[in-house]
Amino acid sequence: MKNIYLSQKAKIIKIEKISSDVKLFRIKRSKFSFIPGQFVLIGIWGQGEAPFAIASSPFEKNHFDIVVRNTGGRVTHALHNLKSGDELTFRGPLGKGFPISFFEGKDLVMMAGGYGIPPIASLAEYVIKERKKFGKIYLLYGARSPQDILLQKKIKEWQKKINVILTIDKPQSDWPGCVGLVCDLIQKIEVNPQNAAAAMCGPGPMVEALEKVLRPLGISDRRIFVSLERKMQCGAGKCQHCVTGEKYVCLDGPVFNYDEIDKNWD
Ligand SMILES: Cc1cc2nc3c(=O)[nH]c(=O)nc-3n(C[C@H](O)[C@H](O)[C@H](O)COP(=O)(O)OP(=O)(O)OC[C@H]3O[C@@H](n4cnc5c(N)ncnc54)[C@H](O)[C@@H]3O)c2cc1C
Ligand code: FES
């Protein structure tokens, strides 16, 4: 029988500092296959494990990327002290990703707030590679300041292929783009309400606010998919740490239909 707690060793092949407290880690694997929205449990010897969304393209089979904010906790702090060539452990890919085949043929609005960009980045890479299978594609992404916009090099590439709209919380003299909440950006997009879907990841209140603007646009809860973050331990539906309502984020999620989640944001 497969041991669900058995992790695998893997080598870090690249580390990139992408903001004051966020680093991208590229981890070498061969034949690594996953669906955008799935996550891995990354382990550091002596420190424990923590879940991170896979942020890279699912078409890259020889490595995967995670984008990690140093919260000052055991795992993220230890991760930020590693260097290229060091080893860590991982379990995964775990959980349910975004429903790619449901999105195909539809207009797609991807939305991310703050540190919620990693799973949306992986989805963006997928839809750009398979561009012809989708209708209009938008990525709306909001951060506190220009410096807090993660994956800026990637975003420049995406801007050549899809509609990317960025916003920051407060006006800044060197920022020519939008200012305000991600949900305000909805006014700038045009989708076919009968045939559009949304994929999002961000802080709870942002997701709740977005839902209120997506509904009037004609996108029903059934067509809104949200990637949730909860504290996790086993990653296998055993420890109950990740429970939200009657669902396990590790097994039933982290991607949920908006109408099936417990909206008690914490
Ligand atoms: C499905 C899923 C995907 C995730 N994807 C990512 C990702 O792509 N990138 C990423 O950086 N994180 C992601 N997270 C969050 C990440 O797992 C946590 O930040 C991580 O578990 C912290 O572990 P730690 O051992 O460093 O901190 P812990 O020891 O767990 O916590 C230490 C301290 O940090 C605080 N803390 C922990 N996490 C957070 C947080 N997220 N926000 C604010 N304070 C916090 C705690 O309250 C505590 O005070 C994801 C979580 C889930 C469930
Ligand atoms: S993390 Fe243990 S049940 Fe989900």
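Reading the domain interface and its salt bridges

Modeller: Let's start with the layout: the protein chain splits into domain 1 (8–94) and domain 2 (100–260). Keep in mind that this is a predicted model.

Colleague: Okay. How many Å separate the centres of domain 1 and domain 2?

Modeller: Going by C-alpha atoms, the two centres are 21 Å apart.

Colleague: And how do I read the place where they touch? How many residues of each domain are in contact?

Modeller: Look at who touches whom, then at how much area gets covered. Here 25 residues of domain 1 are in contact with 22 residues of domain 2. Together the two domains bury about 1,900 Å² between them, with 68% of that on carbon and sulfur atoms.

Colleague: What about polar contacts? How many residue pairs are there between domain 1 and domain 2?

Modeller: The count is four residue pairs in polar contact, both residues being at pLDDT 80 or more. On the domain 1 side, at least two residues each come from strand 1 (8–19), strand 2 (22–28), strand 3 (39–44), strand 4 (48–53), strand 5 (63–69) and strand 6 (87–94). Sorted by class, that side has 16 nonpolar, four polar and five charged residues.

Colleague: Now salt bridges. What's the general idea?

Modeller: Side chains of opposite charge can pair when their charged atoms come close. This structure holds nine salt bridges.

Colleague: Which residue forms a salt bridge with Glu 16, and how far apart are the closest N and O atoms?

Modeller: That's Lys 153, with those atoms 3.2 Å apart. Lys 153 sits in helix 4 (residues 152–159) and Glu 16 in strand 1, so this pair ties together parts 137 residues apart in sequence. Across the interface of domain 1 and domain 2, the rule finds one salt bridge. There's also a network of salt bridges linking Lys 14, Glu 16 and Lys 153.

Colleague: Is Lys 153 buried or exposed?

Modeller: Exposed: its relative accessible area is 59%, and the cut-off for that word is over 50%.

Colleague: Which residue pairs with Asp 65 in a salt bridge?

Modeller: Arg 26 does, with the closest N and O atoms 2.8 Å apart. Asp 65 is in strand 5 and Arg 26 in strand 2, so the pair links distant parts of the chain, 39 residues apart. Asp 65 counts as buried at 3% relative accessibility, and Arg 26 counts as buried at 18%.

Colleague: And Asp 148: which residue does it form a salt bridge with?

Modeller: Arg 144, at 3.7 Å between the closest N and O atoms. Asp 148 is buried, with a relative accessible area of 16%, whereas Arg 144 is exposed at 51%.

Notes: Residues numbered from 1 in each chain as written. Chains lettered and ligands numbered in written order. Predicted model: local features only at pLDDT ≥ 70, side-chain atom pairs only at ≥ 80, totals over all residues. Heavy atoms only, no water. Domains from an automatic or database assignment. Contact = heavy atoms within 4.5 Å. Buried area = accessible area lost by both parts, 1.4 Å probe. Salt bridge = Lys/Arg side-chain N within 4 Å of Asp/Glu carboxyl O. Polar contact = N/O pair within 3.5 Å; in protein donor to acceptor, adjacent residues only side chain to side chain. Helix = DSSP H or I, 4+ residues; strand = E, 2+ residues; numbered from the N terminus. Nonpolar A, V, L, I, M, F, W, Y, C, P; charged D, E, K, R; others polar. Buried < 20%, exposed > 50% of the residue type's maximum accessible area, 1.4 Å probe, protein only.
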